[in-house]
Amino acid sequence: MEPGNVTQISEFLLLGLSEEPELQPLLFGLFLSMYLITVLGNLLIILAVSSDPHLHTPMYFFLSNLSMVDICFTSTTIPKMLLNIQTQSKAITYAGCLTQMYFFLLFAGVDDFILTVMAYDRYVAICHPLHYTVIMNSQLCGLFVLLSWITSAVNSLLQCLMVLDLSFCSDLEIPHFFCELKQVVQLACSDTFPNDIVMFFSAGLVGGGPLAGILYSYSKIVSSIRAIPSAQGKYKAFSTCASHLSVVSLFYITGLGVYLGSVGTHYSPSSATASVMYTVVTPMLNPFIYSLRNKDIKRALERFLGR
């Protein structure tokens with residue numbers, strides 16, 4: 001964008017999913033319901049795992065961490081959206097926008113890394129079952145989660161510091177329901193080439209790297225399952241990673257669909273609507289996927305709710 005009327009900005013305007021006044025009560029009710037379901041569902045997973053000693057294993061340790069991150073992930077964007085609808089205001093302060101951007105990138109990155117670690121956990125369980133407890137010890141599990149947070153925090157901080165160097169024009173309207181990094185950068189009047197380069201490498205680190213790790217783990221898993229002679233053995237082995245595979249597919253297909261569809265173009269309202277899939281719908285569905293397809297979680301929830 002060429003330099004124009006550069007201003008000292010104090011706020012951005014979030015245009016949201018629709019500017020139609022009659023749709024605002026419907027959007028408020030819909031997103032409030034999805035947010036409450038997301039928080040309650042993921043909180044139940046955390047409580048069920050923590051209260052059942054049988055679930056104190058690496059797989060469920062990562063699952064409870066994923067549920068916690070999903071709660072934080074949706075809490076970064078939806079409450080502000082609901083507040084704007086309720087107060088009929090589109091404004092978000094400059095500091096608030098940067099803060100929202102930082103935590104959105106942080107939790108999205110941690111989500112990515114934990115899904116990758118869960119794929120590795122399934123790989124070890126299926127391909128090296130005799131060494132599983134030795135390899136996936138508590139120290140390694142804790143280290144995996146810690147590294148996920150540190151790597152994502154450094155990436156998020158770098159991205160936001162790069163935004164601080166940008167100058168903005170008078171057009172401060174973001175065609176989204178939250179401060180999405182790419183949209184904020186596109187509003188800048190100053191040179192955004194360094195930001196584009198950092199975003200490109202960040203996408204490779206936080207998106208491409210974990211995806212490659214997941215694909216590699218599942219390629220090994222598929223090879224091991226094919227080597228199992230009995231059909232019952234194959235089904236049992238596959239069933240242990242079916243829930244995780246469903247969550248990974250939902251997260252990556254929706255996320256990549258939105259971002260690949262917007263390459264080289266400006267965001268449209270339809271793109272903002274599509275992004276609801278991975279920012280809201282996926283975290284909401286995760287507890288249902290794990291509870292409906294996992295007998296251990298089902299039993300733990302029944303015991304916890306039956307108290």
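**Notebook: disulfides, a pocket and a few residues**

I began with the link of Cys97 and Cys179, which is left-handed, with -125° about the S-S bond. The pair links distant parts of the chain, 82 residues apart, with Cys97 in helix H3 and Cys179 in the loop between strand E3 (173-174) and helix H6 (181-186). Helices (H or I, at least four residues) and strands (E, at least two) are DSSP runs, numbered from the N terminus.

The model is predicted, with local features needing pLDDT of at least 70 and side-chain atom pairs counting only at pLDDT 80 or more, while totals for chains, interfaces and linings use all residues. Residues are numbered from 1 along each chain as its sequence is written, and side-chain values use heavy atoms, leaving out hydrogens and water.

**Entry 1: cysteines**

I searched the whole structure for disulfides and found two. The cut-off for a disulfide is a pair of cysteine sulfur atoms within 2.5 Å. In the Cys97 and Cys179 pair, the sulfur atoms are 2.1 Å apart. Cys97 counts as buried because its relative accessibility is 1%, and Cys179 counts as buried at 1% as well. Here buried means under 20% relative accessible area, exposed over 50%, and partly exposed in between (1.4 Å probe, protein chains only).

The other disulfide I noted joins Cys169 to Cys189, with an S to S distance of 1.0 Å. Cys169 sits in the loop between helix H5 (138-164) and E3, and Cys189 in the loop between H6 and helix H7 (193-226), so this pair ties together parts that are 20 residues apart in sequence. I have Cys169 as buried, at 8% relative accessibility, and Cys189 as buried, at 2% relative accessible area.

What is the pairing when the bonded cysteines of the protein are numbered in sequence order? I read it as 1-3, 2-4.

**Entry 2: second largest pocket**

I looked up the second largest pocket and recorded about 560 Å³ of space in it. Its lining has 19 residues, and the closest to the centre are Ser239, Thr240, Arg293, Asn294 and Lys295. A pocket is an open set of points on a 1 Å grid over the protein atoms alone where a 1.4 Å probe fits, with protein on both sides within 12 Å along at least five of seven lines, and lining residues have an atom within 4 Å of a point. The volume is the space filled by probe spheres set on the points, which are joined across faces, edges and corners.

Which helices each supply at least two residues of this lining? They are H2 (58-87), H3 (94-127), H8 (231-261), H9 (269-293) and H10 (295-305). H8 gives the largest share, eight residues. By class, I have the lining as eight nonpolar, five polar and six charged residues. Ala, Val, Leu, Ile, Met, Phe, Trp, Tyr, Cys and Pro count as nonpolar, Asp, Glu, Lys and Arg as charged, and the others, Gly among them, as polar.

**Entry 3: helix H5**

I compared the length of H5 with expectation: its 27 residues should span 39 Å at 1.5 Å a residue, and its end C-alpha atoms are 39 Å apart, which agrees. The expected span is 1.5 Å times one less than the number of residues. Buried residues of H5 include Cys141, Val145, Ser148, Asn155 and Cys160. The buried residues of H5 pack against H2, H3, H6 and H7.

Val206 is found in H7 and is buried, with a relative accessible area of 11%. I list Gly109, Asp112, Phe113 and Asn155 as its contacts, leaving aside neighbours within four places in sequence. Contact means heavy atoms within 4.5 Å. Val206 and Ser148 are 58 residues apart in sequence and 9.8 Å apart in space, C-alpha to C-alpha.

Met118 is found in H3 and is buried, with a relative accessible area of 4%. Not counting residues up to four places away in sequence, Met118 touches Met59, Phe62, Leu63, Leu66, His244 and Tyr290. I also noted Ser217, 99 residues from Met118 in sequence and 9.7 Å away in space, C-alpha to C-alpha.

**Entry 4: Gln88**

Most residues other than glycine have a negative phi. Gln88 is not a glycine, yet I read a positive phi of about 55° for it. Is Gln88 buried or exposed? Gln88 is exposed, with a relative accessible area of 76%, and is found in the loop between H2 and strand E2 (91-93).
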